[in-house]
Amino acid sequence: MCRELEFQIEEIREKDGLFVDRDIPASFFQEAMEPGNHVKKVHLKAAFSVGTDSILAEGSINAELELLCARCGEQFETRFNEDFSETYEFCESTINLRNIIYDILALSAGIQSLCSDACRGRCPQCGANLNHETCDCLSNMPNPFAAIRVLGNKEKRDA
Ligand SMILES: [Zn+2]
Ligand SMILES: [Zn+2]
């Protein structure tokens, strides 16, 4: 299924290294996403170099994700680039980069959970998206400090 991400160690040793630069079907990684989030694009660049008893895989993942903002719930797109480096012993026979890419995507989706650092979220009362509109809920809410003041006066009176 994930042939695009599988590399034979024997073949890499015969060729004395390998360079990969290709798009990976985004559908391979949809499971790495929370419901509502989508992988739009994944591009892999990797260089495999042959050492004395292992192969060093160094590369980068360039990806495009469509995520739901954790604060306002609106969809937004994000792009990022993440480097990786991993060593594989000769005895392993196959190198599969799926887990590395999976972890990078899942982690990045978790970190970039807001449409913007300045996202104002939604009004807890009416649900208005405060990035696009304003509502009167907050200004109409009774001031919690007013209640404490009333209570304080009452205690003074009872004393
Ligand atoms: Zn937002
Ligand atoms: Zn409101």
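In this predicted model, D21 stands opposite K45 in β3, and this facing pair belongs to the antiparallel pairing of strand β2 (residues 18-24) with strand β3 (residues 38-50), which extends over 7 bridges. Two strands are said to pair if DSSP finds at least two bridges between them. Residues are numbered from 1 along each chain as its sequence is written, while chains are lettered from A and ligands numbered from 1 in the order in which they are written. Local features need pLDDT of at least 70 and side-chain atom pairs count only at pLDDT 80 or more, whereas totals for chains, interfaces and linings use all residues.

Strand β3 is also joined to strand β4 (residues 54-68) by 12 bridges, and these two run antiparallel; here A47 stands opposite E58 in β4, and a hairpin of 3 residues leads from β3 to β4.

Elsewhere, E133 lies in the loop between α2 (98-111) and α3 (137-140). E133 counts as exposed because it has 9 C-beta neighbours inside 10 Å, where exposed means 12 or fewer other C-beta atoms within 10 Å, buried 20 or more, and partly exposed in between, with C-beta atoms placed from the backbone.

Of the 159 residues in the chain, 14% are buried.

Terms used
Helices (H or I, at least four residues) and strands (E, at least two) are DSSP runs, numbered from the N terminus.
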